[in-house]
2 protein chains.
Amino acid sequence: MFKGRIGVIGAGALGAFYGACLARAGADVHFLMRSDHEAVRQHGLRIQSILGDFDLRPPVYASARELGPCDLLLIGLKTVDNAALPELLAPTATADTIILTLQNGLGNEEAIAAALVSNRTVCDFPTASKQIIGGTAFLCSNRIAPGVIHHSAHGFIRLAEFCGRPRSRTHEIAQSFVEAGIECEVRESLASIRWEKLVWNIPFNGLGVAAHHADTRVILEDPELRALAWNLMGEVLEAARADGVSIPDELRADLMQKTESMGAYKSSMQIDYENGRPLEVEALLGEPVRRARRAGIPVPRMEMLFALVRRLDEQNRCRIRS
Amino acid sequence: MFKGRIGVIGAGALGAFYGACLARAGADVHFLMRSDHEAVRQHGLRIQSILGDFDLRPPVYASARELGPCDLLLIGLKTVDNAALPELLAPTATADTIILTLQNGLGNEEAIAAALVSNRTVCDFPTASKQIIGGTAFLCSNRIAPGVIHHSAHGFIRLAEFCGRPRSRTHEIAQSFVEAGIECEVRESLASIRWEKLVWNIPFNGLGVAAHHADTRVILEDPELRALAWNLMGEVLEAARADGVSIPDELRADLMQKTESMGAYKSSMQIDYENGRPLEVEALLGEPVRRARRAGIPVPRMEMLFALVRRLDEQNRCRIRS
């Protein structure tokens, strides 16, 4: 188990779940929480999980300054809040802190590196990059009440270094997750695990919003939307290829079949939309589209999805504000 | 002025306006009306027009049977009601009736021909086709109360034969519109006038719905949506070309500029969507997409717009029904 001080920043349904699992297995985990701070301080964290329920009374903080320096930071922040990274990392990340982001989409490692540099934690981008590990989490969990997380399915994690090949620390962190009961594998290429997740996330998160409250069943049962999801996946494969990541075309059929078995599943973006929360449109659509554009790869459907979801996101915020 | 009996089928904001103009100029115009029948029978039609207001007490009928055989039928029906064409044409169209459709999009002339054949008005599709004239109307008009039409801008019409080149009757009908104060020109190719109108209709009607209450100003002021509208226009030009219609690429810039000058204009599809009415998704998007597919022309954005608007249309009807 990881020996140092672990801080969880963005301890929502994802961060709180993984942090709690690590703490239960003996790690020294500290939680930075906003809205749930008071509830957790008084009553602790309650995890209702398919792997077994458990309670925890962890150290919890209301600000990054109170949390203070950590050896490992677990970033579970919504990507729409990435602008807060400099402020969150200034008191918590030193030049020796390992920062693991389990956020969605593209551009988060870059945002973290930029935050470290702007905070003068390190002097340059290449040095900052070496502190960062990226991960993709395949987890179905929801915060159902203050301090209460419901974990309904999956949970496995893939890790890769932002800069260079896996190191001994990458494997140690993976091993810590495994000891905490979480499947975790180390992969050679971060771009590869990020794009692999986008093959599903782009069509099903994007269409979940653009096709108006369309859960996975709605998309798969409508022949035009199903064909569109399929073609979007094809564009993601092309964009990934241009970014140096070769994903076998068979993944499309495989994901379609897995999605069939999920029933009427709502993507996180659809749920955010329904609840009037800001959508992770830049990380999941904007940045992938921009990378494809820079590589000169035509991705008309991804571009269109980006344009529409971006507009719906703006509309949604106006609706909620008014 | 046209000498025979004229019947207006689908006497809404478009049909009632043009029919009233023809009647005022001396034509023998009879109106088939559903919801406004009683109001018009009692109080007549009231046209509030930028060309001058006028009132009219025309013959009005509640059913196609009462309307009876006509020499010229003016079809202003919403394309979503095309399934009613056989029933509407059976008592009104003989083998000598000229049928002018001013409906939106593609596939309406075919639906009328099929209705004539299924009614045994004529024995085959080629014969039926010769009775049909297609027209595109550039008209801003609204039904603001039962029997009251507000005409706010434009009004000109382009006509072309469904089958073959313009004939003397095409010019006679065009001349009748001109005598009624409506600009009207005869064109050589129906496909050409239909696709030309779609270059605007597909992006601005489609995005008006898919981009969630996006009027023309919203679309033009959002850089991603503006680029998307531009690229959609490009796809329509490609699809038109594959259908034998060559439209100069300059039309795109020209339409963009004209649309700028329209301010925050709501397309008919957006207005239908807001009012929970069925959308003309098949005529404006479905049929154009199918023609492009048959020709083997890739139109990824048009296809995607079709898939999304079709879904939103279904959703909208469910919402209204429930």
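A: A residue counts as buried when its relative accessible area is under 20%, as exposed when that area is over 50%, and as partly exposed in between. The model discussed here is a predicted one.

Q: Why is B:Phe204 called buried?
A: B:Phe204 has a relative accessible area of 2%. The cut-off for buried is under 20%, so B:Phe204 is classed as buried.

Q: What makes B:Trp200 count as buried or exposed?
A: The relative accessibility of B:Trp200 is 14%. Buried requires a value under 20%; therefore B:Trp200 counts as buried.

Q: Which parts of chain B does the pair of B:Phe138 and B:Phe156 tie together?
A: B:Phe138 belongs to strand β8 (residues 132-145) and B:Phe156 to strand β9 (residues 148-161) of chain B, so the pair joins parts that are 18 residues apart in sequence.

Q: Why are B:Phe138 and B:Phe156 classed as they are for accessibility?
A: B:Phe138 has 23% relative accessibility, and B:Phe156 has a relative accessible area of 26%.

Q: What makes B:Trp200 and B:Phe204 a stacked pair?
A: Their rings lie 4.9 Å apart, centre to centre, with 20° between the planes. The limits are 6.5 Å for pairing and under 30 degrees for stacking, so the pair is stacked. B:Trp200 and B:Phe204 are four residues apart in helix α8 of chain B, which means that about one helical turn separates them.

Q: How do you know that B:Arg310 and A:Asp222 form a salt bridge?
A: The N to O distance between the side chains of B:Arg310 and A:Asp222 is 3.3 Å. A salt bridge needs a side-chain nitrogen of Lys or Arg within 4 Å of a carboxyl oxygen of Asp or Glu, so the pair qualifies. The count between chain B and chain A is six salt bridges.

Q: Which element gives the most to the side of chain B that touches chain A?
A: That element is α14(B), with 12 residues.

Note on methods:
Residues numbered from 1 in each chain as written. Chains lettered and ligands numbered in written order. Predicted model: local features only at pLDDT ≥ 70, side-chain atom pairs only at ≥ 80, totals over all residues. Heavy atoms only, no water. Helix = DSSP H or I, 4+ residues; strand = E, 2+ residues; numbered from the N terminus. Buried < 20%, exposed > 50% of the residue type's maximum accessible area, 1.4 Å probe, protein only. Phe/Tyr/Trp six-rings, centres within 6.5 Å; stacked < 30°, edge-to-face > 60°.
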